[in-house]
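Have the sequence and the structure open side by side.

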Amino acid sequence: MEQSKKRDHKIMITDVAIRKVSTVHIPNLTVQECAWIADEHRALLGIAREQNHSDEVLFVLFGQFQKAIIFGDEFSVDLNDSADAYSIFARASAREIILLHNHPSTNSFSLSDVVVFLRYRQIGLMSVVTNQGNVHILHKTSQFDYDKAKGLFGIGIADKMKSVVLVQIFCPV
């Protein structure tokens, strides 16, 4: 319990955390697609625990059959560290890519996460699964306006983000 109150340091991934990952209902996705994403979250936490010392891991998913896995450190993971991810982005159209990653400190989205989510047209969904198994999701709808989002960068996204509320979905199926 003491670990759960400290959000500024790495939490080691446990079997309990992996089992805790719930299926989240995401608008415009089928129940099966939502269950698949939950399974991917569990797999991601397992890989982070077994192969990366509970540090950050990123899955770049293009459909259910193409995946790039990128290993990071305790504080970040770099999308540019993978030729496979680059290849997926080169082939994808708007909102076709799903990015899943864990946060060892149990925090939700970072400003860097939001910037990546808004910057790339190809990303349709981004999630953070904490090392305690909590899931946070950002999802671009068909009404998402890339040009308006891009405008946030020109006028200082950090300042604007202070007043923007991002909707996170926490609805288990």
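Predicted model: local features only at pLDDT ≥ 70, side-chain atom pairs only at ≥ 80, totals over all residues.

Residues are numbered from 1 along each chain as its sequence is written, and side-chain values use heavy atoms, with hydrogens and water left out.

Start with the largest nonpolar core, which has 22 residues. Such a core is a set of buried Ala, Val, Leu, Ile, Met, Phe, Trp, Tyr and Cys residues joined through side-chain atoms within 4.5 Å; buried means under 20% relative accessible area, exposed over 50%, and partly exposed in between, with a 1.4 Å probe and protein chains only. Among the residues with the most contacts inside this core are Leu58, Ile70 and Phe89. Apart from it sits another core, of 21 residues, including Val21 and Phe59.

Now for the salt bridges, each a side-chain nitrogen of Lys or Arg within 4 Å of a carboxyl oxygen of Asp or Glu. There are five by this rule. In one of them Asp55 pairs with Lys10, their closest N and O atoms being 2.8 Å apart. Asp55 is buried, at 11% relative accessible area. Arg42 pairs with Asp39 at 2.7 Å between the closest N and O atoms, and here both partners are partly exposed, Arg42 at 24% and Asp39 at 46%.
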